[in-house]
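Subject: Structure handover

Hello,

Here is the structure I promised to pass on. Please open it first, then read my notes below.

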Amino acid sequence: MIKIIKQLTLVFCAIFLLSGCVRYDVGVEFQDQTHGQIVQKIQLGEQLTSFSHDVVDEWISTMEQQVKQLKGKTKRLSKQEILVTIPFYNGQDLEKKFNQFFNPAEFKPKKSKKQSTIELPQFSSNFNVKQNNFIFALRNHLSLELDLRSLSLLSTSDNVLISSGNLLELQFVLTTPWGATVINPVSLSDPSSEPLLVNVESNGKQVIWTLKPGEINHLEAMFWVPSPIGIGTVLIIIVTALGIYLKSSTYPKIKTEQPPIPTKV
């Protein structure tokens, strides 16, 4: 009876006190062809950190291990706010790191001395970037499928199932230097449902999708990024050709004449 009362109390607190207690922003920032970073910003409400301290600690510990493997950095901005940055150097590198980081079922953290009884939700992602090189710029077709069905219910250490609808605020943010075009923002798990909410900011350079926990979220976008390699190659060719032209026009060809043959007296 005491256990049942305890569980009911936990559910009551979760539903009425923990509303909007997690703000989870995942972003991909493109600078050019060879520079960019995956950015993850997590804001935890004070109610959550006090309500399930063990869950938060294990989550952060596992995440830090993943980030370290991908040559990224984790920074604690405050007790409730965490910032993760993972650099990437081309589209293939971005695709590999994103899928590796956001597929926790495939990640095996280091075993701790203390056996944990906490069941963290498992989800998966399928991130794909197709790039076409047009010398001066690259056209990118980004598609992302996030399976968040496991987040419809969250489990506590007391095996209390809590609806995540009021607990999680999830967003995916795409930042590009020249802007992006959104394609087909729908949820695959229920095509008849309302499409994902999309906000376009900074004159189209930043696109924000609001994700839906408990569903398969699908989003696509098309955008261009400058190619420093292609621009640099063309500039080298132009400078070389200009140098050859200036040299040929400034120093005309000198005709060589044979010296006269001396005559004998």
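Start with F136, which sits in the loop between strand 5 (124-133) and strand 6 (137-147). Helices (H or I, at least four residues) and strands (E, at least two) are DSSP runs, numbered from the N terminus. This is a predicted model, where local features need pLDDT of at least 70, side-chain atom pairs count only at pLDDT 80 or more, and totals for chains, interfaces and linings use all residues. Residues are numbered from 1 along each chain as its sequence is written, and side-chain values use heavy atoms, with hydrogens and water left out.

**The surface**

F136 is partly exposed, at a relative accessible area of 46%. On that scale, buried means under 20%, exposed means over 50%, and partly exposed lies in between (1.4 Å probe, protein chains only). I135 is in the loop between strand 5 and strand 6. I135 is exposed, with a relative accessible area of 51%. Both residues belong to a nonpolar surface patch of about 470 Å², made by I135, F136, I231, L235 and I238. Patch members have over 30% relative accessible area and no salt bridge; like charges are joined within 9 Å, nonpolar side chains (Val, Leu, Ile, Met, Phe, Trp, Tyr) within 5 Å. A salt bridge is a side-chain nitrogen of Lys or Arg within 4 Å of a carboxyl oxygen of Asp or Glu. Areas come from the Shrake-Rupley method with a 1.4 Å probe; for residues, only the protein chains shown count as cover.

**Backbone**

Most residues other than glycine have a negative phi. I135 has a positive phi of about 65°. K71 also has a positive value, near 60°. K71 lies in the loop between helix 3 (53-69) and strand 3 (73-76). K71 is exposed, with a relative accessible area of 66%.

**Aromatic rings**

The structure holds eight aromatic pairs. Rings of Phe, Tyr and Trp (its six-membered ring) pair if their centres lie within 6.5 Å; planes under 30 degrees apart are stacked, over 60 edge-to-face, and the rest tilted. F98 and F172 are an edge-to-face pair, 6.3 Å centre to centre, with 75° between the planes. This pair links distant parts of the chain: F98 is in helix 4 (residues 91-101), F172 in strand 9 (residues 168-175), 74 residues apart. Both F98 and F172 are buried. F172 also pairs with W209: the centres are 5.8 Å apart and the planes at 50°, so this pair is tilted. W209 is in strand 12 (residues 206-210), 37 residues from F172. W209 is buried too. F98, F101, F102, F127, F172 and W209 form one aromatic cluster.

**The core**

The largest nonpolar core has 41 residues, and V28, F98, F127, F172, L174, W209 and L211 touch the most other members. Strand 1 (residues 22-32) gives the most to this core, with five residues. A nonpolar core is a set of buried Ala, Val, Leu, Ile, Met, Phe, Trp, Tyr and Cys residues joined through side-chain atoms within 4.5 Å.

Leaving aside neighbours within four places in sequence, F172 is in contact (heavy atoms within 4.5 Å) with residues including V26, V28, F127, L144 and L219. L174 is in strand 9. L174 is buried, with a relative accessible area of 0%. L174 and I38 are 136 residues apart in sequence and 9.7 Å apart in space, C-alpha to C-alpha.

Best wishes
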